[in-house]
Amino acid sequence: MAVAIANGAFQGHEIGKEAGKKGWDLAGYTFLGAAMGGASGFIGTEIEAMDFIGSGTLGLIASSTYSSYGMYELSGRTREFTTSVGFGSMKWSKGRFDYFMDGNNTVLDDIGYFFGGMTNLSEGIQYIDSKTGWE
């Protein structure tokens with residue numbers, strides 16, 4: 001949760017600086033970013049803690065959408081609004097779906113999509129195991 005709050009505070013601070021804010025106004029952006037980061041971390045954690053098959057991916061979808069939309073609005077709709085699903089993400093502002101190794105990504109994006117895909121694969125294996133009883 002602390003990482004989500006710190007990440008949100010950093011993003012809020014960066015958005016405030018881009019908007020030319022200083023002093024208490026910049027602190028307000030930082031605080032709002034931290035609040036959004038904390039809330040998105042809480043949402044994702046609570047969903048994943050339900051521990052049903054796919055809860056990790058569903059938690060990721062909910063928390064990434066909440067955080068991204070909050071930062072999108074805080075920035076005056078200049079930041080990208082996305083929803084992550086692990087192996088890829090929907091870029092709502094651009095109307096396209098980017099995924100692992102699709103040619104539209106930076107190396108860092110593809111690394112993130114790779115690890116997100118591993119989470120998706122793990123949940124798929126968990127589902128198969130629950131249906132077949134494989135050990």
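Modeller: The lining of the second largest pocket has eleven polar, three nonpolar and two charged residues. Here Ala, Val, Leu, Ile, Met, Phe, Trp, Tyr, Cys and Pro count as nonpolar, Asp, Glu, Lys and Arg as charged, and the others, Gly among them, as polar. The model is predicted, so local features need pLDDT of at least 70 and side-chain atom pairs pLDDT 80 or more, while totals for chains, interfaces and linings use all residues. Residues are numbered from 1 along each chain as its sequence is written, and side-chain values use heavy atoms, without hydrogens and water.

This pocket is lined by 16 residues, with N7, Q11, S40, S63 and S67 nearest its centre. Two or more lining residues come from each of α1 (2-18), α2 and α3 (DSSP runs of H or I, at least four residues, for helices and of E, at least two, for strands, numbered from the N terminus). The pocket holds about 280 Å³ of space. A pocket is an open set of points on a 1 Å grid over the protein atoms alone, where a 1.4 Å probe fits, with protein on both sides within 12 Å along at least five of seven lines; lining residues have an atom within 4 Å of a point. The volume is the space filled by probe spheres set on the points, which are joined across faces, edges and corners.

Two of these helices also pack on each other: α2 (residues 23-49) and α3 (residues 55-74) make an angle of about 165°, with axes 7 Å apart. The axes are lines fitted to C-alpha atoms over the stretch in contact, and angles run from 0 to 180 degrees between N-to-C directions. The pair is therefore roughly antiparallel (over 145 degrees). The crossing of α2 and α3 is right-handed, meaning that the near helix is turned clockwise from the far one by less than a right angle. In the contact (heavy atoms within 4.5 Å), α2 uses residues including S40, G44 and I47, and α3 uses residues including S63, S67 and G70. Eleven residues of this contact are nonpolar, nine are polar and one is charged.

For reference, the largest pocket holds about 430 Å³ of space. Its lining has three nonpolar, six polar and three charged residues, among them L60, E80, K91 and D109. Here α4 gives the most, with four residues, and α3, β1 (82-84) and β2 (88-91) each supply at least two.

Terms used
Parallel < 35°, antiparallel > 145°, perpendicular 65-115°, else oblique.
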